[in-house]
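Open the model in your viewer and keep the selection tool at hand. We will begin with the whole chain and then zoom in, stop by stop.

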Amino acid sequence: MARLMAMGVREDRALAMLMGSCLLLFMSQWPYRARQAHQTGGTLTDTIQHDAVGLIFVLPLLAYGLAALLRLVTRAYGAKADFYSARLALFWALLASTPAVVLAGMVKGFIGPGPANTAVGAIWLMIFLWILINSLFEAEQ
């Protein structure tokens with residue numbers, strides 16, 4: 001995060017990180033959607049089309065709103081960083097934690113929903129929050 005902050009304000013870089021992470025989130029759902037298509041007898045494109053709309057088109061808009069809300073919450077606690085820092089911290093945390101999301105998608109696709117999937121999802125959430133909180137602290141320095 002310190003290296004990203006030192007590069008200056010580059011909204012195109014932040015957007016590229018967000019879109020890359022949304023694309024990886026979308027692709028991480030494919031093993032599970034393939035499993036669903038096989039079990040129901042449908043096609044893969046029928047099962048992933050809603051994921052495409054949600055993760056590639058809607059999630060980036062929600063992420064910008066969440067970053068603004070995150071900035072307002074941190075401001076209430078006395079943070080001095082700007083809105084760009086909050087966006088960069090959120091988008092970086094999302095991108096940096098995508099390997100855990102890919103692992104969660106593979107577990108859900110190959111093993112199926114259950115305790116293993118829940119455990120890997122919880123690990124992803126902890127990784128994401130750890131990176132996000134540390135990135136926000138780094139943005140304050």
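Colour the chain from the N terminus on, and the elements run α-α-α-α-α-α-α. The protein comes to seven helices and zero strands; here helices (H or I, at least four residues) and strands (E, at least two) are DSSP runs, numbered from the N terminus. This is a predicted model, in which local features need pLDDT of at least 70 and side-chain atom pairs count only at pLDDT 80 or more, while totals for chains, interfaces and linings use all residues. Residues are numbered from 1 along each chain as its sequence is written, and side-chain values use heavy atoms, with hydrogens and water left out.

**The whole protein**

The C-alpha atoms fill a box of roughly 55 × 30 × 25 Å, taken along the principal axes. Of the 141 residues, 38% count as buried (buried means under 20% relative accessible area, exposed over 50%, partly exposed in between, with a 1.4 Å probe and protein chains only). Now think about contacts, meaning heavy atoms within 4.5 Å. Among contacts between residues at least 6 apart in sequence, 72% join residues at least 24 apart.

**Stop 1: the core**

Select Leu18, Leu88, Leu90, Phe91, Phe128 and Leu132, which have the most contacts inside the largest nonpolar core, a set of 28 residues. Such a core is a set of buried Ala, Val, Leu, Ile, Met, Phe, Trp, Tyr and Cys residues joined through side-chain atoms within 4.5 Å. Helix H2 (11–28), H4, helix H5 (83–96) and helix H7 (115–140) each supply at least two residues of this core. Which helix gives the most to this core? It is H5, with seven residues. Stay on Leu88 and show its neighbours: leaving out residues up to four places away in sequence, Leu88 touches Met1, Leu4, Met5, Ala14 and Met17.

**Stop 2: H5 and H7**

Two packed helices are described by the angle between their axes and the distance between the axes. Show H5 with H7: their axes come within 8 Å and cross at roughly 150 degrees. The axes are lines fitted to C-alpha atoms, for helices over the stretch in contact, and angles run from 0 to 180 degrees between N-to-C directions. H5 and H7 are therefore roughly antiparallel to each other (angles under 35 degrees count as roughly parallel, over 145 as roughly antiparallel, 65 to 115 as roughly perpendicular and the rest as oblique). To see the meeting side chains, pick residues including Ala89, Leu90 and Trp92 in H5, and Trp124, Phe128 and Leu132 in H7.

**Stop 3: H3 and H4**

Move to helix H3 (residues 30–40) and helix H4 (residues 44–76), which pack at an angle of about 135 degrees with their axes 8 Å apart. That angle makes H3 oblique to H4. Select Trp30, Arg33, Ala34, Gln36 and Ala37 in H3; they meet Leu44, Thr47, Ile48 and Asp51 in H4.

Now click on Asp51, in helix H4. Is Asp51 buried or exposed? It counts as buried, because its relative accessibility is 13%. Beyond residues up to four places away in sequence, Asp51 touches Phe26, Gln29, Arg33 and Ile56.

**Stop 4: Met106**

Finish at Met106, found in helix H6 (residues 98–110). Met106 counts as partly exposed, because its relative accessibility is 38%. Not counting residues up to four places away in sequence, Met106 touches Pro31 and Ile111. Try the distance tool as well: the C-alpha atoms of Met106 and Asn117, 11 residues apart along the chain, are separated by 9.0 Å.
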